[in-house]
Amino acid sequence: MAKILVVDDSSTVRDEVAGFLKKSGLDVATAVDGKDGLSKIKGDPGIKLVLSDINMPNMDGLTMVEKIRGELGNSTVNIIMLTTESSPSMKERGKASGIKGWIVKPFKGDAVLESIKKLAA
Amino acid sequence: MSIRHRITLLIILSVFAIFTVGGYSIYQARINAAEVKNVTENVVPSALATADLVSQVKEVQLVTMALISEPDANLAAQASEKLAVSKAKLKEGIDFQLAHAADKTQQGLVEQAKDNLSEYFGAIDDTVKFKLAGQADLAGAAYYSNVVVLQRELQQIVDTLRIEKTREKDAAISVLNSNLSRTATGVAAVSAVLVVLLSVFGIILYRQIINPISRMQATTSEIATSQDFTRRVPVKRLDEIGKSIVAFNMMIGKIEENSLLLKQKTNDIQTMLQNMPQGILTITQAYKVHPEYSAYLETIFDTREIEGSDFMSLVFSNTTLGVDELSQLEAVAGACIGEDAMNFEFNKHLLVSEIEKKMNDGSTKILDLSWSPITDDADTTVRLMLCIRDVTELRALAAEANSQKRELEIIGEILAVTQEKFHEFINSSLRFVEENELLIREHTQQNSDVVTKLFRNMHTIKGNARTYGLKHLTNIVHGVEQSYVELREPRPDIAWDQMTLMDELIAVKETVEYYARINEFSLGRKGPGRRGGIEHFLMVDRQQIVETIHRLEKATSGNLDELRAAHDAVRKTLRLLGTERLVETLEGVFDSLPELAMELGKLPPIIDVQDNGYVVHNQAGGMLKNVFMHLLRNATDHGLESVEERLAANKPAAGTISLQMDVNEGMLQIKLGDDGRGLALAHIRNTAMEKQLINPEDQLSDEQVANLIFLPGFSTAEKVTEVSGRGVGMDAVRDFVRRENGTIKIQFSDDKVGADFRQFEIIVCLPEALVESVEGFEFHHQHEFDETLLEVATNDAIVFKQA
């Protein structure tokens, strides 16, 4: 089954999101920042969907996404950002990197589950 | 004729023209070729032959001369042979010319030359004969006299012929030249005519093709500019272009139809946007309000500056939303607009659905918001649509409906209480409120006595309200009572504040007055009902009057026994007017006891009432209820033991509270006793010491200790709860009794002096006027709780049956 990678530096958010997805029967991996996320994706071609926070230490979410597309040349993995704010520049960077969606925190699993299942299929 | 046919015709005509020009050229060329052949084969050779003829004439002459002058006979014979050849050639030449004479002149000349030639050749032959015969002189003479002359004539004729032939050749060549020139001119002329004809035809065809196309193009441009789809391109012919124009016109017709439909729909939408009493706007990628919005939005937001304004500030400024909520909303809008439609599903739960907005005029509007995405073909949310309803009025109506519902409930509560009881309740409650109002007003500082009095009054109102089942009022009074309880406790955070206390009191007063108003206006139960003006009026049971009259009428005037019986009946009826039995007065109080008992883990007490034939004047009902509500509830709370304790003490599981009414020494006496554990004298003593009402060294008799419970501020209850209504002090009860000029005392009914618990009765003495004695009307009543509503659980606990 396709895997979902949850990237967030906050263990609370990570546990909540990953916990919910696991409970919903999905295969979930986690990463603690952009750098970690990047190496996880590099090492696991089974990852089909990334749910990532934006503001993180070491490497922020948007930079990670740009590197996934650029350095790793992975143009197929679906990406959804978890965010608390929205700015035109953020959206522009997201568009350029082919981000599928933005989920404004707090995360409400029921609202996104169906779409996530589709994107991870 | 169709364009195709015309073009085909043009091509055929062009081919025809080419063939015409070609044919004509070939025809002319053929004519010219015959001429040329004639000239080259006849005229020119015969002309050239005339030149030969001249030389042949000279040849004959030269050979003849050579022969004549030749001395050698052999050589002369040879020359004679040579002469014969030259003569043959000349003759041949003349014959050729005769065959090729072009006209009579030539023919005449040639015939003349031929005639001359015969003579010439005769003269030569004669001369040659002389020579060959060796007669050289004769030969010479003949030569010069005949041959030379004839030779000269021939020479002349041949020259003339040559000139004639040359002239004929020149004339023929000239004719040939002119023929060629005419042919060239003819071909050029025919070509020119055909070119002109084809050009004209081509131009006509060109115009027939180009003109309608140009018209169509012009019309298309005009329609595009003017958007006037009613215009059509005129159709003049039904050829291919005509058909194209018809198709084009049909297309324009379709566009016109669709444009009309679109216009109609746009108009419908515009009308809706203009007239619907709902605010609709859409939010663009730049978070601005799109120019198309519903007119009512201006009414809702009370501004005309909507188009292009920032939607966050238009909708959410001056609302109850906090900074964080606003930033979240903005983030959600950003996450949705310009993104895939699923983002709306992700985040829509964060979009607020109701806001309270403070308007410029100071009013507050409640706005109901509903959000939806507007997506394009690629399922991208291009704008967010926001429908806004002003539900301020709706909410107000709902509140009003709630208040009406509450009013209905209150009406139900009031209707369950008889008019006079309710009237009395309202009056007493207002009296207590008034008392509290004075107490609060007169005291700027906290005073425990005052708080106790405040509490007592409020507690009484609450007890009465609960007795009558006036739930709304009970709740409000309970709240105020609670704050008095808190004031009683030493809590540093709660201080005596006249304003707050007054506000609370006003809330109670208003509620009481609200109940009174509903009773008076909604129910039309103004005044005290049948108790109004008790001194002046009585309300009488009609049945009683009917029976009395019937009895009087039945009595025979002569029969003393009948008369006496009738007299007694009438007297009894009259005395009973405006009275009620004690059990009737206290019924509400009795009914409130089971609940309290169950709450305390006890069985509902049996109430044993012995009225000894006394009935109570209605006007005393309120006071009696106030007094006995406290006493009965206190007895249930403090006096009666739990089921376990009672069973252990060999008592029936349910306790009994007895009430006895009698008149003694001109006073009405109501004794209240119970079969509980008795008065907890030791506990009372300790509590009084704790509360510093007595000193530890004080030597008090049991009676003195018992009387401590009447002191203000003495209450053995630990706390006051809304349901139980426990904890009111006996000082309150004494107050009620004293107001009616009565007394209350405790009388021990055992002799266990100094014991911790002693059996006792509370004796309430009141003026006798409050009751009437009716002979034969004695009443002993045991008020029992309906035991079928109870069941004994497995652990011996007694509980209410589940409904």
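Biologist: B:Glu641, B:Arg646, B:Lys651 and B:Asp675 are linked in a network of salt bridges. What makes a contact a salt bridge?

Modeller: The term requires a side-chain nitrogen of Lys or Arg within 4 Å of a carboxyl oxygen of Asp or Glu. In B:Arg646 and B:Glu641 the closest N and O atoms are 2.9 Å apart, and the cut-off is 4 Å, so the pair qualifies. This is a predicted model in which local features need pLDDT of at least 70 and side-chain atom pairs count only at pLDDT 80 or more, while totals for chains, interfaces and linings use all residues. Residues are numbered from 1 along each chain as its sequence is written, chains are lettered from A and ligands numbered from 1 in the order in which they are written, and side-chain values use heavy atoms, with hydrogens and water left out.

Biologist: How many salt bridges does the structure hold over all chains?

Modeller: The count over all chains is 35. One of them joins B:Lys254 and B:Glu257, at 3.7 Å between the closest N and O atoms. Both residues lie in helix H5 (residues 240-275) of chain B, three residues apart, about one turn of the helix. Helices (H or I, at least four residues) and strands (E, at least two) are DSSP runs, numbered from the N terminus.

Biologist: Why is B:Lys254 called partly exposed?

Modeller: Buried means under 20% relative accessible area, exposed over 50%, and partly exposed in between (1.4 Å probe, protein chains only). B:Lys254 has 48% and is therefore partly exposed. B:Glu257, at 47%, is partly exposed as well.

Biologist: What does the salt bridge between B:Asp702 and B:Arg758 tie together?

Modeller: The side chains of B:Asp702 and B:Arg758 meet at 2.8 Å, N to O. B:Asp702 lies in helix H22 of chain B and B:Arg758 in strand E12 (residues 757-758), so the pair ties together parts 56 residues apart in sequence. Both B:Asp702 and B:Arg758 are buried.

Biologist: How do you know whether B:Glu772 is buried or exposed?

Modeller: Its relative accessibility is 18%, so B:Glu772 counts as buried. B:Glu772 is found in strand E14 (residues 771-773) of chain B. Its side chain makes a polar contact of 3.0 Å with the side chain of B:His617.

Biologist: What makes a pair of atoms a polar contact?

Modeller: The atoms are N or O and lie within 3.5 Å; within protein, one must be able to donate a hydrogen and the other to accept it, and residues adjacent in sequence count only if both atoms are side-chain atoms. The side chains of B:Gln106 and B:Glu168 are also joined by a polar contact, at 2.8 Å. B:Gln106 has a relative accessible area of 0% and is therefore buried.

Biologist: Which residues does a cis peptide bond join?

Modeller: A:Lys105 and A:Pro106, with omega about 5 degrees. A:Pro106 is found in the loop between strand E5 (101-104) and helix H5 (109-120) of chain A.
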